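Please look over the sequence and the model below before reading on. The paragraphs that follow lead through the structure one part at a time.

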Amino acid sequence: MHTLIRPVYLVIIPLLMMLAQTARAETLDAEQVKALFTDKTVEYQHERLGFDFVVYHAPDGSLRGTRDGQPMGELQWSVNDQGELCIAYNQKKRCQPIMKDNGVYKKYTVGKDGQKTTVVTYRQFLDGNPNDF
């Protein structure tokens with residue numbers, strides 16, 4: 001009897017943990033994303049590239065700051081109707097959703113299989129432009 005119960009627990013417990021994790025993750029809507037980023041200086045790490053950023057999201061849509069402590073050129077930011085944060089650079093525009101996962105804000109991509117992959121983890125949101133970017 002005990003040999004049958006153990007494999008069941010080995011399958012059920014990870015599934016329950018995964019469901020609990022998913023339940024805590026919330027994708028933000030357009031108004032929430034605008035409120036979170038407008039007139040804020042944000043510190044974050046790009047997970048895939050490994051860069052640390054500190055950037056100011058100005059109300060006029062300009063985005064200025066540093067990547068690994070080095071000044072970046074001015075970019076543009078916006079929020080589309082789907083609530084995705086959009087960054088425009090080099091004639092390109094990339095829009096991705098923002099989620100709050102266990103109290104931590106993240107930007108992610110959604111694969112063709114529906115799997116979410118974290119692109120950016122946001123560390124801190126500061127009011128205004130204290131770094132004078």
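At the start of helix α2, a side-chain oxygen of Asp 29 comes to within 3.2 Å of the backbone nitrogen of Glu 31. This is a predicted model, and every value given here is computed from it. Helix α2 covers residues 30-37, and Ala 30, Val 33, Leu 36 and Phe 37 in it are buried. Where do these buried residues of α2 fall when seen down the axis? They lie within an arc of 130°, so they line one face of the helix. An α-helix has 3.6 residues a turn, so residues three or four places apart point the same way. Glu 31 and Ala 35 are on the other side of α2, and both are exposed. After α2 comes Asp 39, which has a positive phi, near 60°.

The next element to follow is strand β2, made up of residues 40-46, which pairs with β3 in the antiparallel sense over six bridges. Within this pairing, Thr 41 stands opposite Tyr 56 in β3. The two strands β2 and β3 form a hairpin, with five residues between them. In the turn of this hairpin, Gly 50 has a positive phi of about 80°.

Strand β3 itself consists of residues 52-57. Is β3 largely enclosed or largely open? Five of its six residues are buried, so the strand is largely enclosed by the rest of the structure.

Is Thr 66 buried or exposed? Its relative accessibility is 16%, and residues under 20% count as buried, so Thr 66 is buried. Setting aside neighbours within four places in sequence, Thr 66 is in contact with Asp 52, Phe 53, Val 54 and Val 55, and also with Pro 71, Met 72 and Phe 133.

Further along the sequence is a link of another kind. How many disulfides does the structure hold? There is one, formed by Cys 86 and Cys 95, with their sulfur atoms 2.0 Å apart. A disulfide is a covalent bond between the sulfur atoms of two cysteines. The link of Cys 86 and Cys 95 is right-handed, with 115° about the S-S bond. Cys 86 is buried, with a relative accessible area of 1%, whereas Cys 95 has 28% relative accessibility and counts as partly exposed.

These parts can now be placed in the whole chain. The secondary structure of the protein chain comes to two helices and eleven strands, and along the sequence they follow the pattern α-β-α-β-β-β-β-β-β-β-β-β-β. The protein chain has 133 residues, of which 31% count as buried. Among its contacts with a separation of 6 or more, 40% are between residues 24 or more positions apart. The chain exposes about 8800 Å², and carbon and sulfur atoms supply 53% of this area.

Terms used. Residues are numbered from 1 along each chain as its sequence is written. This is a predicted model: local features need pLDDT of at least 70, side-chain atom pairs count only at pLDDT 80 or more; totals for chains, interfaces and linings use all residues. Side-chain values use heavy atoms; hydrogens and water are left out. A disulfide is a pair of cysteine sulfur atoms within 2.5 Å. Buried means under 20% relative accessible area, exposed over 50%, partly exposed in between (1.4 Å probe, protein chains only). Helices (H or I, at least four residues) and strands (E, at least two) are DSSP runs, numbered from the N terminus. The arc is that of the directions from the helix axis to the C-beta atoms. A polar contact is a pair of N or O atoms within 3.5 Å; within protein, one must be able to donate a hydrogen and the other to accept it, and residues adjacent in sequence count only if both atoms are side-chain atoms. Two strands pair if DSSP finds at least two bridges between them. Contact means heavy atoms within 4.5 Å. Accessible areas come from the Shrake-Rupley method with a 1.4 Å probe; for residues, only the protein chains shown count as cover.
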